[in-house]
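Opening the notebook on this one.

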Amino acid sequence: MSGQITSTLPQTSSSSLDLWREKNNRLVEQARLTGDSRLSLRRQQLAQDTLEEFGELLLTLQGLPASVPALPLELTVICNYIILKASLAQGFTEDLTQDVQRGVERVLETQNQLEPKSQQGLQGLWHSVLSASSLLPELLPALHCLASLQAILWMSTDHLGDLALLLKTLNGIQTETSEDLLLLLKSWSPPAEKSDAPLILQDAEGLRDVLLTALACHQGLQELITGNLPQALSRLHEAASGVCPPSVLAQVYTALGTCQRKMGNPQRALLYLTAALKVGVTCALPLLEASRLYRQLGDTAAELESLQLLVEALSATPSSALKLHIEVELLLPQPDPSSPLYCGTQSQAKRLLASRCLQTGRAEDAAEHYLDLLAVLLGGSELRSSPPTSSPGPCIPELCLEAAAALIQAGRAPDALTVCEELLSRTSSLLPKMSLWENARKRTKELPYCPIWVSATHLLQGQAWSQLKARKEALSEFSQCLELLFRALPEDKEQGVGSNCEQKCQPDVALKQLQVATLLSRGLEWVASGQDTKALSDFLLSVQICPGNRDGSFYLLQTLKRLERRSEATAFWREAQNQQLQENATRSLPLYLETCLSWIHPPNCEAFLKEFGASLLEVS
């Protein structure tokens, strides 16, 4: 490239340049002493003061015409300023890109090439600077450092095409080559700083290594999410072997454990999770993955122990240090709930522990965990009624329902009634009046889950009264539940029985199952009080709502047989056989409803249905 290079330092003596260099070096040493230590307000203020002094020094340098002798220092100060600012902000802002661009433009100003090239955008500016034949060797280390910061900014904003072009230019590649960013990064060898060069917080090679590790980690997690497990293993191993700070290394080891679990290698998965725990920075993530692994292996005791430790780990306040350099974490986005690296909040972990205790038959433990969680979450008077998918914490109405179910399962009916009363006191005011049908329809759409939560609360209250042998109260609660359910606008498909963090239920199926559970519960109370005719009506309605339901069919046939209405029983049996009797669909239901249905399921259902069918064949 032709162009006259400005090689003098106009209006500035070499002594001034030496003073500015000394100030830069002093500020770098000051930042190094402040950083990598326990965070405090005083250290934070010292770091902020250092940043402001870097900014003042940069303004001084850029207030003069660009000159080659001053450029290595000026570019170094720009890099220090960007590194320190990004570290303090724990992120990258748009003004940092402007700082990089200003540095590139200053280099072009010394070559009198800025005007025609400034129209090409930042990518064009970089290409012009790096391909200039007149570029002096002493400028290369600082320029490559600035280029590494540009690469980091482009990665953080997902401008991967621009990043690839920059890396090719840095590598001197003029032809079409592989777009593999990891390969391009490995091929890039930034020139080393001279011993007398101005001090820099992170040199180009160090920033390149940060970029390499972050990119490998990011790509590995993307491959894990999409299910390309061999490629995920390769990328994650690449990340683990790079410049990987402890917090990131724990995440990488956990992700490697997830890969091995999904590939059917539980022992290898455990080795990686053990390694993640030994890193000692964050235990929550490997503990959550360990609970998934033990669940997959069927080791319930180990699973629950991992979840208990997870709750404790999330309750601990992590120690934080002031790090005044760019680390891999800054380039990795915060994991969302769909990410394998998302471990959630302490409340979510406590809820998971409680629900798994309930699902695995540890009702007393489940009840205690639910009560502990509710004691914290119900501290305020305002009800969090949004479903968990849109809330950072558990949904309180569902927690109350699960807690009540756990208490009933544990034989603590009075405590269950107390929880239900608390939930009704918080939700009844939100429930529309039944007489105002149009207003009820409108209000239900505004609060789609509330009528179902109230209905389910009455169902659980009925179960609690039933456990206490108070049949009159139980029948009243079941009847009130049914009255609400049959006015719950089931034709609105978006309305369901609430959302569950782990189980996505189909609203129409869930609503039917809630109706069936209540009808069967009330029917059983009628049977217990010797009123088989009323019970028969409920059992018949349950199989009409959910044809082929085995539990409803069992109770209906049993009642018809007890009433000696054999012809009706035979007719129903043959009709049910044509519909193919089905098990209750509980896998996709909210846990409180799944638990209720388990109470209703007769243990001798299959034997009775087979025996009944065999007796019909004998008669025929």
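Predicted model: local features only at pLDDT ≥ 70, side-chain atom pairs only at ≥ 80, totals over all residues.

**Pocket lining**

I started with the residue classes: the lining of the largest pocket has 24 nonpolar, 17 polar and four charged residues.

How much space lies in the largest pocket? I get about 1,600 Å³. The lining comes to 45 residues, and those closest to the pocket's centre are Ser247, Gln251, Thr282, Glu329 and Gln334.

Next I checked which elements supply the lining. Helices H3 (71–89), H10 (204–226), H12, H14 (284–297) and H15 (300–315) each give at least two residues, and so does strand S2 (321–322). H12 and H15 both turn up in that list, and I followed each of them to a packing partner.

**H12 and its partner H11**

I looked up H12 (residues 246–262) against H11 (residues 229–240): the axes are 10 Å apart and the packing angle is about 160°. Angles over 145 degrees count as roughly antiparallel, so that is how H11 and H12 run relative to each other. Their crossing is left-handed.

For the contact, I listed both sides. H11 brings Leu229, Ala232, Leu233, Leu236, His237, Ala239 and Ala240. From H12 come Leu249, Val252, Tyr253, Ala255, Leu256, Cys259, Gln260 and Lys262. By class I have twelve nonpolar, two polar and one charged residues where H11 meets H12.

**H15 and its partner H16**

Then I took H15 with H16 (residues 346–359). Their axes come within 9 Å and cross at roughly 160°. H15 and H16 are therefore roughly antiparallel, and I noted a left-handed crossing for this pair.

On the H15 side I wrote down Glu303, Leu304, Leu307, Gln308, Leu310, Val311, Leu314 and Ser315. They meet Gln346, Ala349, Lys350, Leu352, Leu353, Arg356 and Cys357 of H16. The contact of H15 with H16 splits into nine nonpolar, three polar and three charged residues.

**H18 and H27**

Last pair for today. Do H18 and H27 run roughly parallel or antiparallel? The axes of H18 (residues 396–409) and H27 (residues 591–600) come within 8 Å and cross at roughly 25°. That makes H18 roughly parallel to H27, since the cut-off for that label is under 35 degrees. H18 passes H27 in a left-handed crossing.

In the contact I found Glu398, Leu401, Glu402, Ala405, Ile408 and Gln409 on H18. H27 answers with Leu591, Tyr592, Thr595 and Trp599. Sorted by class, the H18 and H27 contact holds six nonpolar, two polar and two charged residues.

Conventions: Residues numbered from 1 in each chain as written. Heavy atoms only, no water. Axes fitted to C-alpha atoms, helices over the stretch in contact; angles between N-to-C directions. Helix = DSSP H or I, 4+ residues; strand = E, 2+ residues; numbered from the N terminus. Parallel < 35°, antiparallel > 145°, perpendicular 65-115°, else oblique. Left-handed = near helix turned anticlockwise from the far one by under 90°. Contact = heavy atoms within 4.5 Å. Nonpolar A, V, L, I, M, F, W, Y, C, P; charged D, E, K, R; others polar. 1 Å grid on protein atoms, 1.4 Å probe; cavity = no way out; pocket = protein on both sides within 12 Å on 5 of 7 lines; lining within 4 Å. Points joined across faces, edges and corners; volume = space filled by probe spheres on them.
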